[in-house]
Amino acid sequence: MSFRKRNVGLSTGADRSAAVSSQSAPIESSPGIRPSPDDGRPTTSTGAPSLDNLLAGHAGLPMGKTILIEENGTTDFAGALLRYYAAEGVVQEQKIHVVGVPEQWGRSLPGLIGTAESLEEKRSDRRKDEKMKIAWRYERLGEFGAGVAGSRDPPSQITAAGGESEAKPAFCHAFDLTKRLTHAGISNMSFIPLVPSKDSPFAAILKELQGALLSSPANTIHRIVMPTLLNPTLYPPSASQPEHVLQFFHSLKALMSAYPTRVTAMITIPLSLFPRSSGLIRWIELLCDGIIELCPFPHSADTVATSGAATSVEEPPQGMLKTHKLPVLHERGGGSDQNVGQDWAFTLSRRRFEIKPFSLPPAEGDTEAQDAATPGGMPKKSDLEF
Amino acid sequence: MPSQPPLPPLLTPYLSDLPESSLTVISSVLGATSNWLVLRYLHASLSNTANSNTSPENNGSIGRTSRKVVLVSFMRSWDFWKTEAKRLGLDLARLRDKRQFVFVDGLSELFTPSASAFSTVPVGSANHATLPLRNRPTPVPGRGPPAAGSLDRSAQDRRVQGDASNSVRLHFRGRGTAALDAIEKDIISELHRQRASSDENEELLLIIDQLDLLLAATGPGLGIGATEMADWVMGLQQHAHATVLTIAADSPLIHNAATNVHGDCTPIETEHAALALGLAHRARTVMQLRMLETGAARDVSGVLRISRGGGWNAEAKHSLDEKELLYYIQRDGGLRVFGRGES
């Protein structure tokens with residue numbers, strides 16, 4: 001890793017406005033790969049910018065790492081994250097391996113609406129147009145709790161139109177869950193079915209993954225996608241036996257370490273069926289590199305339905321997000337990341353999966369508390385005059 | 001170079017001077033992994049002979065006798081250990097060439113039968129994504145039954161095959177104690193090779209990283225339980241001067257077996273608890289790593305509790321103070337160890 005590359009990576013991760021100018025030259029031969037601002041190792045995007053920012057300062061998922069998304073309850077927020085991850089891979093023309101689900105899954109990937117930066121711009125534009133008259137006095141105070149790890153630009157710095165950013169290679173794209181992805185690369189996805197066998201149901205999957213990695217050229221980047229692992233509607237009962245599933249995870253880890261710069265994996269698992277308090281899940285967690293747990297609030301779907309356009313800028317969180325383990329950081333010993341130990345809340349909207357620090361909203365009618373809650377204290381009198 | 005000394009003074013007495021045939025158990029949990037501590041053991045054992053650039057305060061306290069180390073890792077690759085050790089100023093690759101250190105790979109091919117093709121692809125930094133397009137790797141011709149082959153091959157033969165395949169790879173084939181015995185034989189042959197090349201006063205340290213994986217991923221379904229694993233460890237201990245083990249001690253793995261009186265806990269939990277408790281009773285020292293009970297803190301990674309295990313011998317000349325310390329791993333890999341309330 002040379003100093004130069006590291007330097008470019010730093011500016012890409014930390015400051016987007018600087019990246020616009022510096023990214024004119026391609027920094028990596030593989031699209032969708034950039035060096036981590038933390039230690040320069042190659043990373044790729046998960047397809048959700050706020051999840052990228054959560055991953056221990058690497059601003060992306062480090063290559064050769066597995067991330068496990070656990071979800072409580074019957075919702076499918078983890079599935080949405082997984083679709084973003086797969087769609088990002090398709091757009092970056094990486095090779096996607098989807099395990100265990102039929103090909104319809106691939107047709108339900110969210111549609112591309114531009115790069116993540118362009119969505120950020122549109123969003124701030126829209127906020128300027130549609131802002132509530134009550135809210136605009138807070139405008140210059142900035143968005144409360146904006147972004148994760150302060151990655152977002154203030155809206156005033158954005159001048160470029162959305163079309164311009166398509167020219168440079170983007171690290172992360174924005175997708176719309178209500179649209180369907182139409183991309184040439186989508187036919188390039190491979191679906192690995194679960195074949196019933198007396199032996200481990202994972203043996204065939206591993207063989208296929210190994211073969212695909214071995215037979216592809218060395219500059220192909222792979223993504224392994226495993227929706228709802230061990231879900232009894234997909235997996236046979238024998239799959240959840242420790243000697244099968246743990247051996248699979250161990251072999252997957254071996255595969256990852258054999259190709260440390262060419263493959264990443266994202267796996268989701270339903271926690272309601274396999275609670276975290278069980279030894280099996282704990283071993284799966286020990287064998288993965290990153291663990292994210294989603295705890296959706298009960299009935300959050302109702303509140304989203306009733307919240308009109310007025311609250312579209314500040315949507316209520318739909319659940320809590322816990323980070324139990326982050327790639328690289330915890331392997332080293334853990335603990336020194338600024339994001340560790342925070343309470344996170346997530347919001348899934350049509351166009352984004354957003355992770356923010358969790359804070360309870362001020363009680364309604366409690367104006368004093370609301371004023372106190374705004375960063376920077378009371379706004380000046382001139383700001384308040386209409 | 002890390003700003004802190006690689007070995008904090010508070011820890012040094014525990015890391016060096018491991019008595020004859022002693023067992024040290026390091027227990028870790030999900031958020032507080034044991035890798036950094038294993039690396040400190042490596043450093044304490046290997047640095048004095050290997051490194052001229054270690055900080056001067058280390059030279060007096062440790063290493064009157066030189067040591068050899070065999071590291072068996074079931075969860076992490078050679079690349080990981082190599083890069084992390086480099087952060088401490090320890091060149092494992094060079095030490096391995098000097099036969100000071102041996103890495104036994106329990107990750108790459110433990111459960112994957114057709115993985116001999118793995119070694120055709122260069123592993124590590126050479127295979128970076130920025131490299132230009134390269135030709136399709138062609139599989140090597142078959143090299144016979146892997147388990148037997150790894151025994152027969154001489155060290156010279158292995159060195160030819162390049163960096164990644166330089167170390168012995170363990171294979172789990174079949175079931176029950178026969179499969180364990182095969183793995184044991186592979187490790188023992190490495191221990192013997194190390195011992196044969198060493199002097200009289202050289203101590204041989206065996207470190208087994210996460211041997212509990214072997215139990216979890218096989219279990220009673222394949223005829224392996226806590227008793228078999230404990231015997232397996234005992235068999236290996238006989239061939240080394242001292243042994244250091246790491247084992248997971250997460251609450252679901254330890255406490256489910258004890259608290260669930262309804263019988264709804266799975267074999268993986270009962271067997272793991274039995275193994276972990278059994279080893280702790282045999283150990284001289286138990287190094288227990290866990291997270292802060294009070295939640296995450298920015299300047300604390302976790303808690304390290306050092307206590308005497310069941311195998312601690314009061315008459316022995318080596319004293320062992322029980323302690324509870326906080327530790328903090330910095331971003332650059334440096335380590336700070338301090339008592340509660342200190343900083």
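This is a predicted model: local features need pLDDT of at least 70, side-chain atom pairs count only at pLDDT 80 or more; totals for chains, interfaces and linings use all residues.
Let's start with chain A. It has 13 helices and 14 strands, and of its 386 residues, 46% count as buried. If you take the contacts in chain A between residues at least 6 apart in sequence, 76% of them join residues at least 24 apart.

Chain B comes to 12 helices and 10 strands. Buried residues make up 45% of its 343 residues. For contacts in chain B with a separation of 6 or more, 73% are accounted for by residues 24 or more positions apart.

## The nine-stranded sheet of chain A

Nine strands of chain A come together in an open sheet, and the order to trace on screen is 8-5-9-10-4-11-12-13-14. The pairing is mixed. At the edges you'll find strand 8 (190–192) and strand 14 (353–357) of chain A; each has a single partner strand, so one side of each is left without a neighbour in the sheet. Going from one strand to the next, the twist averages 25°.

Strand 11 (residues 290–296) of chain A pairs with strand 12 (residues 319–325) of chain A in the antiparallel sense, over six bridges. Within that pairing, Ile291(A) has Lys325(A) in strand 12 as its bridge partner.

Strand 12 of chain A also pairs with strand 13 of chain A, again antiparallel, over three bridges. Here Gly319(A) stands opposite Phe346(A) in strand 13. Strand 13 (residues 344–348) of chain A is then joined to strand 14 of chain A by five bridges, and these two strands run antiparallel. Which residue of strand 14 is the bridge partner of Phe346(A)? That's Ile355(A).

## A three-stranded sheet in chain A

Chain A also has an open sheet of three strands in the order 1-2-3, with antiparallel pairing. Strand 1 (33–35) and strand 3 (61–62) are the edge strands, and each pairs on one side only. Two bridges join strand 2 (residues 42–44) of chain A to strand 3, and the two run antiparallel. One residue pair to look for is Thr44(A) with its bridge partner Leu61(A) in strand 3.

Helix 7 (residues 203–215) and helix 8 (residues 242–258) of chain A pack at an angle of about 5°, with their axes 11 Å apart. That makes helix 7 of chain A roughly parallel to helix 8 of chain A. From helix 7, Leu206(A), Leu209(A), Gln210(A) and Leu213(A) meet Phe248(A), Ser251(A) and Leu255(A) of helix 8. By class, the residues of this contact divide into five nonpolar, two polar and no charged.

Helix 8 of chain A also holds His244(A). Is this histidine buried or exposed? It is buried, with 21 other C-beta atoms within 10 Å, because the cut-off for buried is 20 or more. Setting aside neighbours within four places in sequence, His244(A) is in contact with Ser200(A), Pro201(A), Phe202(A), Ser238(A) and Ala239(A). His244(A) and Lys198(A) are 46 residues apart in sequence, and 11 Å apart in space from C-alpha to C-alpha.

## Helices of chain B

Over in chain B, helix 4 (residues 78–87) has Trp78(B), Trp81(B), Glu84(B) and Ala85(B) as its buried residues. Seen down the axis of helix 4, they fall within an arc of 145°, so they line one face of the helix. Helix 4 is followed by Gly89(B), whose phi is positive, near 80°.

Helix 11 (residues 251–259) and helix 12 (residues 267–282) of chain B pack at about 100°, with their axes 8 Å apart. That makes helix 11 of chain B roughly perpendicular to helix 12 of chain B. Among the residues that meet here are Leu253(B), Ile254(B) and Ala257(B) from helix 11, and His272(B), Ala273(B) and Ala276(B) from helix 12. The contact of helix 11 with helix 12 has seven nonpolar, three polar and one charged residues.

Technical notes:
Residues are numbered from 1 along each chain as its sequence is written. Chains are lettered from A and ligands numbered from 1 in the order in which they are written. Two strands pair if DSSP finds at least two bridges between them. Helices (H or I, at least four residues) and strands (E, at least two) are DSSP runs, numbered from the N terminus. Axes are lines fitted to C-alpha atoms, for helices over the stretch in contact, and angles run from 0 to 180 degrees between N-to-C directions. A residue is buried if 20 or more other C-beta atoms lie within 10 Å of its own, exposed if 12 or fewer, and partly exposed in between; C-beta atoms are placed from the backbone. The arc is that of the directions from the helix axis to the C-beta atoms. Angles under 35 degrees count as roughly parallel, over 145 as roughly antiparallel, 65 to 115 as roughly perpendicular and the rest as oblique. Two residues are in contact if their C-beta atoms, placed from the backbone, lie within 7 Å. Ala, Val, Leu, Ile, Met, Phe, Trp, Tyr, Cys and Pro count as nonpolar, Asp, Glu, Lys and Arg as charged, and the others, Gly among them, as polar.
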